[in-house]
Amino acid sequence: MLKNITLGQYFPGDTVIHRLDPRIKILVALLFLVAVFVVRTMWGFLALTVLFAVIIALAKLGPVTILRSIRPLLFIIIFTFILNILFYSGQTVYWQWGFLTISKEGIEKAVFIAIRLVLLIVATSLLTLTTSPMQLTDGLESLLSPLKKIKFPVHEMSMMMSIAMRFIPTLIEETDRIMKAQTARGAEFDSGNLLKKAKNMIPLLVPLFVGAFKRADELALAMESRCYHGDEGRTRMKVLRLKRMDVWALVLMIAASVLFMVFL
Amino acid sequence: MEYVIDAQKIKYAYPTLEDAEPELALRGVTLQVEKGEFVAVLGHNGSGKSTFAKHINVLLRAQEGTLTVVGLDTADEANLWTIRSHAGMVFQNPDNQLVSTVVEEDVAFGPENLGVPQEQLRGRVTEALRAVGMEGFEKRAPHMLSGGQKQRIAIAGVLAMHPDIIVFDEPTAMLDPKGRAEVMETIRYLNKEAGKTIVLITHYMEEAAEADRVFVMSDGVVTDEGTPREVFSHKEKLEEAGLMPPLATQVYYDLKEKGLVLGKCPVTLKELVDELCR
Amino acid sequence: MPLSVNDLNYFYMTGTPFEVQALKDVCLTIEDGEFVGIIGHTGCGKSTLIQLMAGLLKPASGTVLVNGEDINASGYDRRRLRRTVGVVFQYPEYQLFEETVGKDVAFGPVKAGMTEQEAEKNVDTALELVGFEPAKIKQLSPFDLSGGQKRKVAIAGVLAMDPQILILDEPIAGLDPLGREQFMQLVKKLNDCGVTIIMISHNMDGLADHASRIVAMDHGTVYMDGTPKEVFADLPKLKRAGLGASESREAAAMLRERGWNIPDDIIKKDELVAAILKRNEDGTC
């Protein structure tokens with residue numbers, strides 16, 4: 001019954017942002033990441049925050065969804081924040097104890113890095129929340145396709161990614177089933193020390209791997225029987241085509257980011 | 001008479017790891033299927049029926065004997081992709097034959113591999129989904145569907161390649177009664193309305209009862225063939241093959257033993273009732 | 001050891017917009033030695049019910065009592081529960097993991113705290129029960145066996161714990177007619193030895209032949225409960241829940257529609273044949 005888990009953190013919708021070409025979104029997300037690192041002033045961060053807020057609003061995501069995507073990394077943010085405060089030795093010292101110092105510069109640095117981390121997460125979440133894993137794979141395959149010239153297996157990689165995504169829910173269900181079956185035979189998965197725990201996983205892992213190999217075998221047969229023979233001579237139903245909106249979005253975002261990076 | 005599948009004494013042994021004497025999974029199968037026919041291949045687990053099915057699609061190649069599919073020799077490497085595009089195959093486990101996280105992309109997978117021009121792909125997908133009664137499910141994720149629905153998506157994926165023959169390798173073995181009914185309904189439609197040649201590998205007698213002709217396989221050879229009525233009435237032969245006739249036929253024989261002889265041997269409940277109420 | 005569930009409720013995906021109630025106030029008592037068939041279409045809650053019965057899920061509310069003791073109470077000995085209640089899941093062959101058949105079958109007994117000799121003895125008995133010669137198969141790798149043999153080994157792994165209550169979730173899926181028949185005979189034999197059987201199945205004919213009681217589930221509730229004759233008699237009610245009866249019962253119903261005065265409690269082939277012969281003799285049926 002774990003069927004309903006969403007893959008990645010895609011938040012289905014039909015907004016301007018959702019409809020943008022995945023390639024544009026990947027490029028813009030990369031651009032944002034660079035901007036977050038290059039911008040040096042509070043004004044710059046403010047400008048980026050406003051820009052992201054506008055995109056969030058356009059994508060109808062709501063602040064809760066965004067906050068939820070930050071949550072798993074909250075610990076790291078707080079951890080680096082505290083480390084920076086305590087270990088950065090600045091000029092204006094407020095408090096000192098052994099090698100631990102709290103200084104004006106330290107606090108500033110800590111705040112800057114915390115803001116940067118949050119903005120980084122938001123920028124990537126904007127991409128993954130509004131783009132389905134399938135679109136992401138297609139976008140990546142298309143962006144990386146020039147690498148085919150140097151014999152880089154772009155198509156094979158994206159095929160592997162999409163098959164992996166297809167089988168994640170299936171394998172989660174299978175894990176659940178095997179765990180229950182072994183639990184009914186008296187297996188325990190959460191007791192004992194680390195070594196014992198690892199040993200306890202064998203009744204789960206062996207069947208899971210045996211099952212996965214069988215699936216892989218059957219899937220390969222099924223794909224062969226449907227005439228799959230790699231990228232050669234293959235057509236695609238969905239071909240990514242840039243629309244006017246995509247070009248506008250890209251130009252606008254490049255302009256904004258460059259502006260922020262140069263002046264703020 | 002035009003045979004779309006013509007197997008002559010084919011033999012096959014799975015490769016073994018050691019130098020052990022390989023055991024023949026097929027020990028000389030001879031079997032012919034006419035264009036537009038609906039045939040069922042019955043047999044117990046391990047009878048070689050699934051091994052035979054994989055030969056039609058050239059997933060396996062006969063080591064002895066000949067097999068032609070739509071007039072093409074399966075032994076000739078050059079015919080491989082042509083044969084596979086003419087003879088589609090649906091497997092037992094619906095989970096292990098869907099490749100995409102989106103239904104429509106999965107259905108498009110086969111025709112994409114064939115290099116069907118892009119502008120025709122959408123049409124093929126729509127048409128195939130309609131044929132299996134799954135229109136409206138284009139954007140859904142396969143793992144959210146029921147077993148019967150998944151299996152119909154797999155059928156649509158084969159159908160979109162426009163094959164003449166569809167081989168079903170125990171397509172209902174992992175489904176609940178509702179899913180089984182859905183898949184059988186689809187198979188019936190594909191044969192009667194869409195004119196596809198159907199080869200159904202199964203061990204469900206009620207499913208075989210719907211076929212035009214039935215082959216019984218046991219121990220790597222065809223031990224019996226004929227209409228369902230003929231085959232089901234050969235009670236001993238069926239039992240030798242580890243099978244049991246459907247209930248209607250069993251009742252017919254039990255009645256006969258007790259001295260009540262009905263007109264003709266029924267293979268479905270409806271036929272039995274018709275015969276009794278005559 | 002009677003098993004009873006009282007006012008059992010269970011939800012999936014709690015706290016999300018996808019929340020569904022899988023079980024609604026389910027009450028059921030199963031006495032020693034019963035052979036209960038549980039029927040219902042996919043999603044009716046039958047799998048959830050048996051998992052709660054086996055203590056593999058925790059109820060949202062309500063209790064599961066084995067021999068009068070609440071299995072979800074703190075301090076209840078889970079190990080004893082595992083020994084008392086055995087579960088065979090769908091496609092059990094996928095739970096094999098040990099290097100040899102002997103070790104795999106012994107996994108449950110050892111976990112349940114049996115001594116080595118005790119476990120050894122139980123392994124042999126269980127392997128014999130499912131039709132193997134223990135000495136011949138124990139040293140083989142389970143992964144070298146055929147699909148049907150693997151399934152038997154997996155079932156032996158549950159039987160070796162010597163459960164008094166055996167729960168089976170559609171155990172005959174994928175088996176051929178002979179395999180199905182053999183399996184039903186095995187379950188029948190266990191039941192004759194006093195093991196309580198709770199079996200989810202779509203195979204109405206098998207249940208008509210062997211079960212002593214049938215529970216039909218629908219939308220998370222107990223929809224029908226009675227002997228096979230009682231439950232299969234009400235064909236219209238079964239159909240409303242998307243279910244059917246045994247083929248013999250279906251045939252009898254069709255004959256009745258054609259004007260035959262054939263009783264509603266015919267569920268087995270032999271009964272059907274007898275009724276037809278009776279009508280043929282005296283024309284009264």
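Predicted model: local features only at pLDDT ≥ 70, side-chain atom pairs only at ≥ 80, totals over all residues.
## Where chain A meets chain B

Let's start with chains A and B. Put together, they bury about 3,300 Å² between them, and 55% of that is on carbon and sulfur atoms. The contact draws 33 residues from chain A and 40 residues from chain B. On the chain A side, keep an eye on Arg166(A), Arg226(A) and Met237(A): these three lose the most area to chain B, together 28% of what that side buries.

Seven salt bridges turn up across the interface of chain A and chain B. One to look up joins the side chains of Glu224(A) and Arg84(B), at 3.3 Å from N to O. Helices α8 (154–184) and α10 (202–225) of chain A each supply at least two residues of the side that touches chain B. Sorted by class, that side of chain A has 16 nonpolar, seven polar and 10 charged residues.

## Where chain C meets chain A

Chain A also touches chain C. Here 22 residues come from chain C and 19 residues from chain A. The two chains bury about 2,100 Å² between them, with 66% of it on carbon and sulfur atoms. Within chain C, the residues that lose the most area to chain A are Tyr94(C), Gln95(C) and Phe97(C), which together make up 28% of what that side buries.

How many salt bridges are there between chain C and chain A? The count is one. You can find it where the side chains of Asp104(C) and Arg185(A) meet, 2.9 Å from N to O. On the side of chain C that touches chain A, helix α3 (residues 101–111) gives the most, with five residues. That side of chain C divides into 14 nonpolar, five polar and three charged residues.

## Two helices inside chain A

Now for a look within chain A itself. Helix α2 (residues 22–38) and helix α6 (residues 104–130) of chain A pack at an angle of about 175°, their axes 9 Å apart. Angles over 145 degrees count as roughly antiparallel, so that is how α2(A) and α6(A) lie to each other.

Which residues make the contact between them? From α2(A) come Lys25(A), Ile26(A), Ala29(A), Phe32(A), Leu33(A), Val36(A) and Phe37(A). From α6(A) come Arg116(A), Leu119(A), Leu120(A), Ala123(A), Thr124(A), Leu127(A) and Thr130(A). By class, this contact of α2(A) with α6(A) has 10 nonpolar, two polar and two charged residues.

Definitions and conventions:
Residues numbered from 1 in each chain as written. Chains lettered and ligands numbered in written order. Heavy atoms only, no water. Contact = heavy atoms within 4.5 Å. Buried area = accessible area lost by both parts, 1.4 Å probe. Salt bridge = Lys/Arg side-chain N within 4 Å of Asp/Glu carboxyl O. Helix = DSSP H or I, 4+ residues; strand = E, 2+ residues; numbered from the N terminus. Nonpolar A, V, L, I, M, F, W, Y, C, P; charged D, E, K, R; others polar. Axes fitted to C-alpha atoms, helices over the stretch in contact; angles between N-to-C directions. Parallel < 35°, antiparallel > 145°, perpendicular 65-115°, else oblique.
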